[in-house]
Amino acid sequence: MKDFFSKLLTGMSIGIVVSLIPNALLGEVLKLLMPHFPVLQHIFDITVFVMSLLPVMIGVMVGITFKLTSIQTASVGIAAMVGSGAIQKTADGLFALNGIGIVINTGITAALTVLFVQLIGDRLKAYSILLMPTLSILVPGMIGYLILPFVKSSTGLLGVAISNVTSLQPIIMGAIISVVFCLIILSPISTVGVATVIMLSGIGSGAANLGIVAAGVGLAIASYKANSLGTALAHVLGSPKIQMRNFFMKPKIAFPMLITAAILGALAGLLNIQGTPYSAGFGLSGLVGPLNYMKLAEGGWVVENVAIMLSTFLILPIVLNLGLIYIFSKKLKLIKAEDYKLHFD
């Protein structure tokens with residue numbers, strides 16, 4: 001069971017990062033340039049479309065992680081899409097992409113499909129290419145489709161709980177929300193989805209974003225010795241979710257990041273760092289968080305705001321994580337570089 005869960009999370013992590021990185025890297029920059037270069041709208045639209053392919057990518061990468069056959073892997077991909085909720089039928093009878101869907105339900109559907117195709121095995125023989133995709137849609141795919149409303153409402157309840165925290169005193173609220181989102185970004189739950197569902201804005205959004213910054217920067221620093229430079233940077237430029245498997249296997253690896261998140265979140269309340277429901281789900285990816293803060297900050301791009309932005313989104317996350325990682329690894333001996341090793345083979 002532990003091995004199954006580990007492989008599932010690994011596949012989901014890769015699928016999530018691959019699908020979200022293009023828009024995360026280019027989205028905000030393209031928004032700034034599109035008014036002057038309208039042709040860039042096409043590139044932006046493509047990156048948004050690629051995000052909506054996340055369920056298929058999760059299914060395919062889960063299939064590859066489990067070393068399934070090509071037909072089985074493709075079947076997991078289409079079943080995951082069916083259970084994701086990323087496609088909706090309009091009143092006109094057309095099918096429209098609806099964001100990235102419900103990531104948790106996508107993972108559940110992918111897991112059910114893996115179990116299903118493993119149960120079937122090679123019993124279908126020459127008819128596998130005909131029956132496997134169809135059966136995967138009709139059985140695990142439809143199970144995922146039927147439980148989607150319940151999983152979606154459960155995710156909504158989590159969002160409501162986070163939203164209620166915003167009624168607390170800003171500094172305490174900021175610390176709590178930041179820590180919560182630091183944890184969510186390391187889980188199968190979509191931070192963008194949660195923030196959008198509850199329309200998390202203002203200081204709550206800024207704190208949530210800084211929690212993700214704390215996770216991304218901290219994990220990049222902690223994992224550098226165990227992984228390549230490019231992989232380490234993927235935690236910041238892409239998503240900290242690539243450490244999802246390691247986090248579930250050893251939750252203690254996130255201790256330095258969680259403490260950093262609490263401090264940064266408190267500063268969000270103290271310094272009035274704000275954001276939007278969309279920016280709440282990103283860290284430094286595509287500079288979504290920092291740019292949205294600068295848009296909403298009173299006075300705009302004045303020296304004081306730029307200093308706050310650089311301090312909270314870059315300098316402090318690096319300094320705090322460096323110090324805490326040193327304490328937890330060298331002094332307390334609770335973590336080591338190998339704990340953050342990623343396996344993409």
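Select G289, P290, Y293 and M294 in helix α13, then N305, V306, I308, M309 and F313 in helix α14: these two groups meet, contact being heavy atoms within 4.5 Å. By class, this contact has seven nonpolar, two polar and no charged residues. Here Ala, Val, Leu, Ile, Met, Phe, Trp, Tyr, Cys and Pro count as nonpolar, Asp, Glu, Lys and Arg as charged, and the others, Gly among them, as polar.

This is a predicted model, in which local features need pLDDT of at least 70 and side-chain atom pairs count only at pLDDT 80 or more, while totals for chains, interfaces and linings use all residues. Residues are numbered from 1 along each chain as its sequence is written, and side-chain values use heavy atoms, leaving out hydrogens and water.

Now show α13 (residues 288–296) and α14 (residues 303–331) whole; they pack at an angle of about 155°, with axes 10 Å apart. That makes α13 roughly antiparallel to α14, a term for angles over 145 degrees. Helices are DSSP runs (H or I, at least four residues), numbered from the N terminus.

Next, select I177, F181, M257, I273, Y293, F313 and Y340. Of the 48 residues in the largest nonpolar core, these touch the most other members. Such a core is a set of buried (under 20% relative accessible area, 1.4 Å probe, protein chains only) Ala, Val, Leu, Ile, Met, Phe, Trp, Tyr and Cys residues, joined through side-chain atoms within 4.5 Å. Its largest share, 12 residues, comes from α9.

Finally, select I58, L68, A110 and A111, which are among the 25 residues of another core, lying apart from that one.

Notes. Axes fitted to C-alpha atoms, helices over the stretch in contact; angles between N-to-C directions. Parallel < 35°, antiparallel > 145°, perpendicular 65-115°, else oblique. Buried < 20%, exposed > 50% of the residue type's maximum accessible area, 1.4 Å probe, protein only.
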